Amino acid sequence: MGEDYITSVLKETRVFYPLKNFSANSLIKNMEEYKALYKYSIENPESFWAEKASELEWFKKWDTVLRNDQGFFKWFEGGYLNVCHNCLDKNIRKNKDKLALIWEPESGKSKTYTYEQLLKEVCKFANVLKNKGIKKGDVVQIYLPMIPELPISMLACARIGAIHSVVFAGFSSDALKDRIQDSGAKLLVTADGSFRNKKIFPLKDNADKAIKECPAIKSVIIIKRAKNKVIIEKGRDYWYSDLIKESAISNFCQPESMHAEDSLFILYTSGTTGKPKGVLHTQAGYLLFAQQTFKYIFDIKNEDIFFCTADIGWITGHSYIVYGPFSNGATVLMYEGSPTFPKPDRFWKIIDKYKATVFYTAPTAIRALAKEGNSWPNKCRLSSLRLLGTVGEPINPEAWLWYYEIIGKKRCPIVDTWWQTETGGILISPLPGATPLKPGSATIPFFGIEAEVLKDDGSKAQANEGGYLVIKKPWPGMLRTIWNNPEKYKHTYFEKFGMYLTGDSAKVDEDNYFWIMGRTDDVIKVAGHRIGSAEVESSLVSHKAVAEAAIVPYPHDIKGQAIYAFVVLKNGNKKSDSLKEELKQHVSRQVGPIAKPDKIQFADDLPKTRSGKIMRRILRAIAEGTKEYGNITTLAEPNVVEVLEKGKIN
């Protein structure tokens, strides 16, 4: 990146237009096509979604497209289908030998599954679940690492009408216990252990601790992965491999006919306080939205190899490793390990090994890999790539440009996607063949999505004025409720404005492009001014010495709140008071004097979950000096908290 870039993070003037040859082969070839279809989808939403729903296979067509039942939205009522059937059986008729899944382990042999092979594995496990007494409407908790049995378990549940609830394998026994108790799961699928940077994470031991307080769990099915010793409780614990091999287990399982609004899965999303909430997604609407967003936003082609680095324990893995790709008959590449093990070129080597064409990862991973320097990606060809994507948080323009230039070689569009666990799929994103790109902007709403930014009083925000991001009309992939807590659903998402409140702050520029500023609780009010965390962080990271930054508020006698910045430097840069002052002035010039951090703490690392999400609540506790960190067992490196605490600036 040249010095010429450091103009203004907030007033990004660079625009990157789709290359002509990319646009010519795209599903949506220009903005005129997008605008026409978008207009139709907003003015005639029921007709639009009914037409798209005809791309799914139904056992019985729906009676009504959309109904508002006292604030609870119902899609395709009266219709019956099966999600697993739409992901596997439908594709086998077209091409049973097409690769469905490529699995790259952290270490060991990779595995591949054709659509036909994947269906057999799913059917066998579906029959195992039935033999263990699981029936339509029962909840199955899944606590697995990134191994093929994870999507197999999910699809097996979908096939028989069981509700799956996946718990991220990096979570502790307490986190697992809370989720099992809330979901009321009857059966747990886990593994003896999982690998992370050659270390073994004891999943079965964690599960044993959790289910001591979960009497509803009657059976535990264990997959051999780490080959470490585990305790087997007779009559409750079973090895997956033994159950699958039983002679009575058939290679075929009839898919259950499911009503469009039957529950498909629960996925828990944790807030900064309180118990995690179980977001409920249902059958047809969720599948349709995952299918359509995957198809259009990734402009998917039959020959694509789609590499998403998310963990299936999060919604990105659900929608864009499992349901979106398989419902489109795509080939998915799934990786078990971290981006830097054994070296920081792991992602790039995987792309070259399998000739991945579409790559979808998080800004945190991009920044971490950029910090390691250009030599790692430059050793790899990366010539198979045609499209890049980002997900999980706003991407700062500096990281965007590194991704575009070094990984995409200035020829791959970047789809910077905004969405949530609750939305089921992507809501705001470029369409790669049509949308001019601005680094750092999620750009424009997807078909059927009417997004707006509102002020606190409910009036529409002006251009470039921050406010609450809302979605004005329902869409098929939206959550239906919070499991066991419908009142919380209505209060959290609909009470403030009478439309879906995302909990994110955003602004819309003069070109009607959306800029996500972070969570509304990530907006810092300094002397009455609302300052978005993402804006200040982007400014810090645009400095040539900075690899990563996170800012949090702390109490200030005069301003109310002041800004405390945690900054990770690029290799080769020395920590010094003069650099701190330089960074403060840099932010002052780019964002404004009001946004200048009062305190800057240099750090070697930030507290992150294993999926790469920065845990700002921990940083806030350090800055405020409360030491109320909450659960830190989910962190990739829990000891980072103690190191940061010792370096705290008073």
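Author: **The second largest pocket**

Happy to walk you through it. The lining of the second largest pocket consists of 22 residues, and those nearest its centre are Pro-445, Ala-451, Val-508, Asn-512 and Phe-514. A pocket here is an open set of points on a 1 Å grid over the protein atoms alone, with protein on both sides within 12 Å along at least five of seven lines, and a lining residue has an atom within 4 Å of a point. Helix 2 (31–43) and strand 21 (451–454) are the elements that give two or more residues to this lining. Helix 2 contributes the most, with five residues. Helices (H or I, at least four residues) and strands (E, at least two) are DSSP runs, numbered from the N terminus.

The model is predicted, so local features need pLDDT of at least 70 and side-chain atom pairs count only at pLDDT 80 or more, while totals for chains, interfaces and linings use all residues. Residues are numbered from 1 along each chain as its sequence is written, and side-chain values use heavy atoms, with hydrogens and water left out.

The space in this pocket comes to about 520 Å³, a volume being the space filled by probe spheres set on the grid points, which are joined across faces, edges and corners. By class, its lining has 14 nonpolar, six charged and two polar residues. Ala, Val, Leu, Ile, Met, Phe, Trp, Tyr, Cys and Pro count as nonpolar, Asp, Glu, Lys and Arg as charged, and the others, Gly among them, as polar.

The whole structure holds one cavity of 30 Å³ or more, a cavity being a set of points where a 1.4 Å probe fits but cannot get out. The largest cavity has about 60 Å³ of space.

Next comes helix packing around helix 10. The axes of helix 10 (residues 283–297) and helix 11 (residues 315–327) come within 8 Å and cross at roughly 80°. Helix 10 and helix 11 are therefore roughly perpendicular. Axes are lines fitted to C-alpha atoms over the stretch in contact, with angles from 0 to 180 degrees between N-to-C directions; under 35 degrees counts as roughly parallel, over 145 as roughly antiparallel, 65 to 115 as roughly perpendicular and the rest as oblique. From helix 10, Tyr-286, Leu-287, Ala-290, Gln-291, Thr-293 and Phe-294 take part, and they meet residues of helix 11 including Ile-315, His-318, Tyr-320, Tyr-323 and Pro-325. Contact means heavy atoms within 4.5 Å. This contact has eight nonpolar and six polar residues, with no charged ones.

Helix 10 also meets helix 4 (residues 83–95), their axes coming within 9 Å and crossing at roughly 40°. That angle makes helix 4 oblique to helix 10. Val-83, Asn-86, Cys-87 and Lys-90 of helix 4 touch Gln-283, Leu-287 and Gln-291 of helix 10. The classes in this contact are three nonpolar, three polar and one charged.

Phe-341 and Pro-342 are joined by a cis peptide bond, with omega about -5°, and Pro-342 sits in the loop between strand 17 (331–335) and helix 12 (346–354). Gln-70, a residue other than glycine, has a positive phi near 55°; the loop between strand 1 (64–69) and strand 2 (72–77) holds Gln-70. Most residues other than glycine have a negative phi, and most peptide bonds are trans.
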